[in-house]
Amino acid sequence: MDSRQPRFAAPPGACDSHMHIYERRFLAGTPGVGFVEDASVADYRKVQTRIGTQRTVVVTPRTYGTDNSVTLDAIAQLGLNRARGVAVLRPDVSDEQLALLHEGGIRGIRFTLYTPANAVVGFDMVEPLACRVAELGWHVQLHWTAAQIVEHEAMLARLPATIVFDHLARLPLPQGTSHPAFAVVRRLAESGRVWVKLSGAYLDSIAGLKGGYADSTASARAWIDALPENVVWGSDWPHTTESHKPDDVMLFDLLGTWADDAATRRRILVDNAAKLYDFPA
């Protein structure tokens, strides 16, 4: 295992608010699209040891369709006091199923629609599901393109649930905060129910791995300035979109570049995450 240490120590209770578990034993009866490799809880614990986080949010990847068994199993292994999950659902989910998911640690649902052809859910499902999960105190997590955010602003404004935008809201570079999506999210944030994940720096980076994803810094800092109480950090481990895997410590160190004081990092890693994911005090 790489012995490189982070430039700053994770504060007690620090949360990695976005990662995925992939295990073949949960693929039966599901699409299996995008399955790259096994990435188990045991593998992830090594990442935790390296970067120093204690809490985790497991997000069901589209590989498993609407079967959230892999996520529920991971939460159970990691411990309900230290793990939460984000599920993928369709509107036909029953109230009984929602109650079981809540008991298992699920606190949100995800709509991965940036590539609609491969999506297991649709834009038409967002509003009806948001109405149902809002009653549970859950959020809707959106992995959409910046253009999709702009296109669906009116619908997003109607949602009763908290909204979490994945991966820096996918602001394209070099446009960054000058893209209309930044202003849309800022307007929606006036409700107090909008969050942004400081994750996936590589997804829109032009600088790339060799450039340390440095061109993501302006967008990340803009979100921290705009939504200081409503941003969380995530590793996006195991980085299945990347043919050349970034080092997890390097990604954690990026947060130190985006937020250069300990108090801000603690708010992002501990306080904000505890509030969004209903972790115990």
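I noted the basis first. The model is predicted, so I kept to its limits: local features need pLDDT of at least 70, side-chain atom pairs count only at pLDDT 80 or more, and totals for chains, interfaces and linings use all residues. Residues are numbered from 1 along each chain as its sequence is written, and side-chain values use heavy atoms, without hydrogens and water.

**Helix pair.** I found helix α1 (residues 41–51) packed on helix α9 (residues 248–258) at about 45°, with axes 10 Å apart. Helices are DSSP runs of H or I, at least four residues; strands are E, at least two. Val47, Arg50 and Ile51 of α1 meet Asp248, Val249 and Phe252 of α9 (contact: heavy atoms within 4.5 Å).

**Cis bonds.** I checked the prolines next. Leu173 to Pro174 is cis, omega near 10°. Pro174 sits in the loop between β6 (162–165) and α7 (180–188). Trp237 and Pro238 are also joined by a cis peptide bond, omega about 5°. I placed Pro238 in the loop between β8 (231–233) and α9.

**Positive phi.** Tyr213 has a positive phi of about 55°. I see Tyr213 in the loop between β7 (194–198) and α8 (217–226). Tyr213 is buried at 2% relative accessible area (buried is under 20%, exposed over 50%, partly exposed in between; 1.4 Å probe, protein chains only). Asp278, after α10 (262–277), has a positive phi of about 60°. Asp278 is partly exposed at 43%.

Technical notes:
Axes fitted to C-alpha atoms, helices over the stretch in contact; angles between N-to-C directions.
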